[in-house]
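Hi,

Here is the structure I promised to pass on to you. Have a look first, and my notes follow below.

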Amino acid sequence: MYTYESEGADFLAKAYAPGHITGFFQIHEHNDPHRKGSTGCGIVLNGGVTTEVKVGKSVEKTEIFLNGKKVEGKTTRTVVDMMTDVPVRVKSWAEIPVGCGFGASGAGALGTAYALNRALSLDKTVKSLTEYAHVAEVVNRSGLGDIAAQSNGGVVIRLQPGGPEFGSIDRIPAPEARVFCIALGEISTDSVLTDGATAGKINSAGKAAMSELLKKPTLENFMQQAKDFASNTGLMSSTAKDVIEAAHASGGLASQAMLGDTVFAIAPYSQEFPLYEALQEFGQVLEYGISTCVPRLLYD
């Protein structure tokens, strides 16, 4: 058990982790959470979650806050429980929508692991911290492959499932591009992953999408395979379908984030404004960029 070096002192640390949008995926079940996960492909964003942890005499029980509100935070709580038995106050601020397919739970889990490692001087490596976050995600069924992407950055192809001990990734060498998003609503990741019929459709469509992507690993082909996946699995909502069609009509490429009722779209530079205007008809447009950012500690 960790003992405080200074009687009555509080230790603070802060970390940041990027968001991630999955375009398509395939579920890989395994009794070992280190091996469980998904294969697929997605985009790491330059917007994410900032997390601050506090430990010390003033912290009497573990509490988790998101954007100023106290939450259950199962995935983050699991990270804390795996790393320490002292009470921890966790405060996260998300600059990405929560529950809409932006990988917010994974970003919060990674940020918690990084910050807690610093605050308690646990001296864990990045690989170990990533493993904690991955296990927390899969045991709580809040995600399967976000951690693998968020810990590497870019347009990430997840070739083998699991945490860093067993997983394997590659990247699409994509140009800098803006990613325009419209969050239409929330989808429960857990409810989708535990539905047998839906999981079967996901795995069939995900395997086909991966096969086609690897024949031509480009950003444009990724967007096409993501769109086909969303359509073939039946996960695409009617509103999302309308938004995606409008995006394509404006010269862009669009699909639905997995798993969330969110549309994400890209376009050649000359078509970005027409795409933005087309998306605006359906609601507030969120703008991010493809990022090679990885989790990192922050200093005040």
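The lining of the largest pocket divides into 17 nonpolar, 18 polar and 7 charged residues; here Ala, Val, Leu, Ile, Met, Phe, Trp, Tyr, Cys and Pro count as nonpolar, Asp, Glu, Lys and Arg as charged, and the others, Gly among them, as polar. This pocket holds about 920 Å³ of space. Of its 42 lining residues, T75, V98, A104, S105 and S142 are the closest to the centre. Two or more lining residues come from each of β1, β2 (37-56), β3 (63-66), α1 (74-83), α2 (104-119) and α5 (189-193), and β1 gives the most, with 4 residues.

Before you read on, please note that this is a predicted model, in which local features need pLDDT of at least 70 and side-chain atom pairs count only at pLDDT 80 or more, while totals for chains, interfaces and linings use all residues. Residues are numbered from 1 along each chain as its sequence is written, and side-chain values use heavy atoms, with hydrogens and water left out.

As for the terms, pockets and cavities come from a 1 Å grid over the protein atoms alone: a cavity is a set of points where a 1.4 Å probe fits but cannot get out, a pocket is an open set with protein on both sides within 12 Å along at least five of seven lines, and lining residues have an atom within 4 Å of a point. Points are joined across faces, edges and corners, and a volume is the space filled by probe spheres set on them. Helices (H or I, at least four residues) and strands (E, at least two) are DSSP runs, numbered from the N terminus.

The second largest pocket has about 190 Å³ of space. Its lining includes P175, E176, R178, L219, L253, I266 and Y269, and by class it has 8 nonpolar, no polar and 4 charged residues.

There is also 1 cavity of 30 Å³ or more. Among the residues that line the largest cavity are S38, H134, R158 and Q160.

Now to the sheet. Four strands form an open, antiparallel sheet in the order β9-β10-β8-β11 (two strands pair if DSSP finds at least two bridges between them). β9 (253-256) and β11 (286-289) are at the edges with a single partner strand each, so one side of each has no neighbour in the sheet. From one strand to the next the twist averages 25 degrees; axes are lines fitted to C-alpha atoms, for helices over the stretch in contact, and angles run from 0 to 180 degrees between N-to-C directions. Helix α7 (residues 219-233) packs on this sheet, touching β9 and β10 (261-266), at about 40 degrees to β9, where contact means heavy atoms within 4.5 Å. Helix α9 (residues 272-280) lies across β8, β10 and β11, at about 5 degrees to β8. Between β8 (residues 178-185) and β11 there are 4 bridges, and R178 stands opposite G289.

β3 pairs on two counts: parallel with β5 (residues 89-94) over 4 bridges, and antiparallel with β4 (residues 69-71) over 3 bridges. I64 has V90 in β5 as a bridge partner and V71 in β4 as another.

Finally, the structure holds 6 aromatic pairs (rings of Phe, Tyr and Trp, its six-membered ring, with centres within 6.5 Å; planes under 30 degrees apart are stacked, over 60 edge-to-face, the rest tilted). One of them is tilted, because the rings of F24 and F222 have centres 6.3 Å apart and planes at 45 degrees. F24 in β1 (residues 10-28) and F222 in α7 are 198 residues apart.

Best wishes
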